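Let's take a walk through this protein model, one piece at a time. Keep the structure open beside you as you read.

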Amino acid sequence: MMPLPGRFLTSVLVRREGDLFLFDCGEGTQVSLKMLNLRWKKIDSIFISHMHADHVTGLPGMLMLSSQVDRTEPLFIYGPARLKEYVEQTRRILDMYINYEIVVVPVEPGTVLETDEFSINAFSLDHTKPCLGYSIVEKDRKGEFFPEKAKALGVPQGPMWGMLQKGSPVVLSDGRVVGPEDVMGPPRSGRKFSYVTDSLYFKEISDYVHDSDILFCEGMFEDALKEDAHSKKHMTAVEAAAIARDGNCGMLCLQHYSPRYSNQELKKLRDEAAAVFPNTILTKDRMSFDIPLKD
């Protein structure tokens, strides 16, 4: 809830191919982006979980800075209903010079953004203000193309191979029809990233984040402080681990720690979570993780 030396507020950047997606924008976000030498003008979309200051106070600086780097593309900001009011009033009061289009999109649970390759979905959490979790879900990719099968069936190398790889059948000179299923393997699954912060634990979260390769989830308190966590509508690290375990996730990245814990004391949160879900990482500023393709 407060930035500490060497520990800024919550923000996660996801890079997928040429797209950059920012989840929450707490104080210090600009500093980390600069230290990582990442160009924020390439961020097309920002997703805000809820309207608490520690998740949105980095936005004004980001908006103003984007004008100084000659941004021309629209910036889309997704989040709860009052986000639009916050952005508009902040621009007015600070008399911001903005030379690009800002599109604020109120979010309801469901699909927020969809392309041919992936979708970004939102789901409701349980906090003291309306709060959203998010998932990026890649769609299945086409199966692997086997040239040897195409050659064995007499398909000449060239345009016909390309047609088969795009999913279209071809007709050979002798009249035989060869379909994509004859020369390609089964569809290959995509990847999934999920982001959960500031919520009371409830078991349905595991359904929303099911099969995530990486789950970023708040683990604000140790288990001994469960009552304190619940009174503030937050989770313990053990509860975050239960979500990862029940959701069949690949990796749990703990985030959003209580400032009561020093960096050395944070190990307690990791150890408690790892006892429930062994592949638990204690995240720190500017850490990065790869999500490799599964096949």
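## A strand with two faces

Start with strand β1, residues 12–16, where the side chains alternate. Helices (H or I, at least four residues) and strands (E, at least two) are DSSP runs, numbered from the N terminus.

A quick word on where this comes from: it's a predicted model, so local features need pLDDT of at least 70 and side-chain atom pairs count only at pLDDT 80 or more, while totals for chains, interfaces and linings use all residues. Residues are numbered from 1 along each chain as its sequence is written, and side-chain values use heavy atoms, with hydrogens and water left out.

## The hairpin and its lead-in

β1 runs antiparallel to β2 (residues 19–23), and five bridges join them. Two strands count as paired if DSSP finds at least two bridges between them. One link to look for is Arg15, whose bridge partner in β2 is Leu20. Together, β1 and β2 make a hairpin with two residues between them, and Glu17 in the turn has a positive phi of about 50°.

Is Thr10 buried or exposed? Thr10 counts as buried, at 10% relative accessibility. Setting aside neighbours within four places in sequence, Thr10 is in contact (heavy atoms within 4.5 Å) with residues including Asp24, His55, Tyr195 and His256.

Strands of a sheet pair through backbone hydrogen bonds, either parallel or antiparallel. In this model, seven strands form an open sheet with mixed pairing, in the order β6-β7-β8-β11-β12-β13-β14. β6 (110–114) and β14 (280–282) stand at the edges with a single partner strand each, so one side of each is left without a neighbour in the sheet. From one strand to the next, the twist averages 20°.

Within the sheet, β8 and β11 pair in the antiparallel sense over four bridges. Ile136 has Phe193 in β11 as its bridge partner.

## A helix tucked inside

Now find helix α10, residues 237–246. Seven of its 10 residues are buried, so α10 is largely enclosed by the rest of the structure. Among those buried residues are Ala237, Glu239 and Ile243. What covers them includes α8 (204–208), β12 (214–218), α9 (226–231), β13 (251–255) and α11 (267–274). After α10 comes Asn248, with a positive phi near 55°.

## The largest pocket

About 1,400 Å³ of space lies in the largest pocket. Of the 47 residues lining this pocket, Val12, Leu13, Phe216, Met287 and Ser288 are the closest to its centre. A pocket is found on a 1 Å grid over the protein atoms alone: it's an open set of points where a 1.4 Å probe fits, with protein on both sides within 12 Å along at least five of seven lines, and lining residues have an atom within 4 Å of a point. Grid points are joined across faces, edges and corners, and the volume is the space filled by probe spheres set on the points.

Which element gives the most to this lining? That's β1, with five residues.

Conventions. Buried < 20%, exposed > 50% of the residue type's maximum accessible area, 1.4 Å probe, protein only. Axes fitted to C-alpha atoms, helices over the stretch in contact; angles between N-to-C directions.
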